[in-house]
Amino acid sequence: MKVDILLGLQWGDEGKGKVVDVLTPRYDVVARFQGGPNAGHTLEFEGQKYVLRSIPSGIFQGDKVNIIGNGVVLDPALFKAEAEALEASGHNLKERLHISKKAHLILPTHRILDAAYEAAKGDAKVGTTGKGIGPTYTDKISRNGVRVGDILHDFDKKYAAAKARHEQILKSLNYEYDLTELEKAWFEGIEYLKQFRFVDSEHEINGLLSEGKSVLCEGAQGTMLDIDFGSYPFVTSSNTVCAGACTGLGIAPNKIGEVYGIFKAYCTRVGAGPFPTELFDKTGDQICTLGHEFGSVTGRKRRCGWIDLVALKYAIMVDGVTKLIMMKSDVLDSFETIKACVAYKVNGEEIDYFPFDIEGVEPVYVELPGWQTDMTKMQSEDEFPEEFNAYLSFLEEQLGVPVKIVSVGPDREQTIERYTEE
Ligand code: GDP
Ligand code: IMO
Ligand code: MG
């Protein structure tokens with residue numbers, strides 16, 4: 001049996017959580033492979049809204065096994081708050097949420113370091129989520145990390161050594177901080193975490209695959225935030241691309257089946273960094289208001305702009321996307337025309353590929369007629385207006401991959417599959 005992957009193609013917040021939830025009934029297992037509580041994945045169904053940060057979005061559909069893989073970084077305090085809230089609303093997690101022993105722990109001092117490094121960068125700051133993601137992955141790569149499995153062996157010693165090292169760095173940065181509250185919540189989180197099943201998730205997943213079970217891997221962030229291929233240094237600290245699922249779960253590349261690439265009908269970005277199609281005018285404000293473009297967790301206003309096909313093509317290439325999913329179609333319902341960036345202008349020259357640096361590139365647009373129809377009530381692709389179909393055909397022609405799912409609203413039910421011939 002193959003493993004399918006669903007990942008973001010833009011700068012995150014494409015709607016991954018919603019679609020993972022919709023696709024979960026087709027799989028036996030849902031697994032997160034990278035990132036941590038910097039993610040905020042929103043799901044809506046039966047009038048309820050949930051925002052998941054570390055827990056995979058397959059947790060609400062039946063009794064599916066959900067796995068937090070080795071590539072994830074986990075904050076026990078935030079995990080406890082997230083899991084307890086779900087348990088309070090009647091969702092039993094302990095049996096079916098498994099956590100890799102090899103996942104790295106975000107320590108309280110990682111969060112402080114995140115803030116200290118951002119402060120030191122001044123105007124050049126990344127605009128991180130402040131969850132300690134960068135410092136935790138830095139410790140992992142420099143072989144100084146503390147892992148979930150360490151909770152069971154010599155934990156106090158390992159924690160103390162890491163904390164002492166961090167405190168040295170913070171001293172050298174002259175950064176003032178108070179650890180008391182953070183540390184208290186963190187240790188409570190560690191005790192809570194012990195009630196869950198710590199697993200060798202690479203063995204578990206490969207074992208399930210050899211029994212013929214199917215796995216859906218859920219990406220966090222998006223390809224443009226990838227540590228290698230994103231708009232560096234304004235990126236996150238993990239591999240958000242398709243290959244991240246192999247290293248973040250221990251799945252061999254030849255086991256990968258479909259790669260679902262998800263994007264918004266337009267584009268957004270939170271935090272600092274280049275964004276060629278960003279709009280600073282009334283249209284940008286309109287997209288922000290209509291799309292409720294505010295961070296799921298932080299509430300930060302998302303920067304908004306038109307769809308960027310140069311960046312999307314690049315993401316599709318590095319991810320090996322086989323099926324596309326277009327989200328938030330309804331947000332563009334009222335626009336008379338819609339723009340799509342098909343090339344960049346660099347020093348007066350037009351290029352159609354994603355260059356080393358996108359800072360300062362100028363977008364070249366084509367303008368298409370809007371559909372000016374309420375998409376939120378659509379039940380099937382047969383009801384799509386002509387202009388909407390034309391937009392989809394244009395994207396498919398430009399991107400070379402079929403759009404198989406279209407989302408027309410935040411609810412689970414507002415999801416339409418396209419069965420058109422490829
Ligand atoms: P994720 O991080 O990729 O899971 O995405 P987020 O949850 O951060 O952001 C997506 C936002 O768009 C959430 O508030 C969703 O409820 C909402 N959403 C998802 N799909 C649609 C859609 O088709 N239409 C509208 N209007 N909202 C959507
Ligand atoms: P989901 O999974 C959007 C952004 C931050 C910042 C940069 C680095 O919900 O799509 P970090 O805290 O990771 O070191 O921040 O990455 N960022 C996200 N933007 N959606 C996310 O997750 C993000 N996770 C991180 O805003 O610019
Ligand atoms: Mg999000």
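Visitor: Does Cys246 count as buried or exposed?

Guide: Cys246 counts as buried, because its relative accessibility is 13%. Buried means under 20% relative accessible area, exposed over 50%, and partly exposed in between, using a 1.4 Å probe and protein chains only. Before we go on, this is a predicted model, where local features need pLDDT of at least 70, side-chain atom pairs count only at pLDDT 80 or more, and totals for chains, interfaces and linings use all residues. Residues are numbered from 1 along each chain as its sequence is written, chains are lettered from A and ligands numbered from 1 in the order in which they are written, and side-chain values use heavy atoms, leaving out hydrogens and water.

Visitor: How many disulfides does the structure hold?

Guide: A disulfide is a pair of cysteine sulfur atoms within 2.5 Å. Here there are zero. Cys242 is in no disulfide, and its nearest cysteine sulfur belongs to Cys246, 6.0 Å away. Cys246 is likewise in no disulfide, with the sulfur of Cys242 as its nearest. Cys242 counts as buried too, because its relative accessibility is 11%.

Visitor: Which strands pair with strand 11?

Guide: Strands (E, at least two residues) and helices (H or I, at least four) are DSSP runs numbered from the N terminus, and two strands pair if DSSP finds at least two bridges between them. Strand 1 (residues 3-8) runs parallel to strand 11 and is joined to it by five bridges.

Visitor: What joins the side chains of Glu293 and Lys264?

Guide: A polar contact is a pair of N or O atoms within 3.5 Å; within protein, one must be able to donate a hydrogen and the other to accept it, and residues adjacent in sequence count only if both atoms are side-chain atoms. Glu293 and Lys264 make such a contact at 3.1 Å. Glu293 lies in the loop between helix 9 (282-290) and strand 13 (303-305), and Glu293 counts as buried because its relative accessibility is 0%.

Visitor: Which residues are closest to ligand 2?

Guide: For a shell like this, a residue is near if one of its heavy atoms lies within 4 Å of the molecule. Ligand 2 is surrounded by 21 residues, and the closest are Asp13, Lys16, His41, Thr129 and Thr236. An oxygen atom of ligand 2 lies 2.6 Å from a polar side-chain atom of Thr236, and one lies 2.9 Å from a polar side-chain atom of Arg300. On its own, ligand 2 has 550 Å² of accessible area, of which the protein covers 98%. Such areas come from the Shrake-Rupley method with a 1.4 Å probe; for residues, only the protein chains shown count as cover.

Visitor: How many residues surround ligand 1?

Guide: There are 20, and Lys16, Thr42, Ser296, Asp330 and Ser407 are the closest. A polar side-chain atom of Ser296 is 2.8 Å from an oxygen atom of ligand 1, while an N or O atom in the side chain of Lys328 is 3.0 Å from an oxygen atom of this ligand. Ligand 1 exposes 590 Å² when taken alone, and the protein buries 93% of that.
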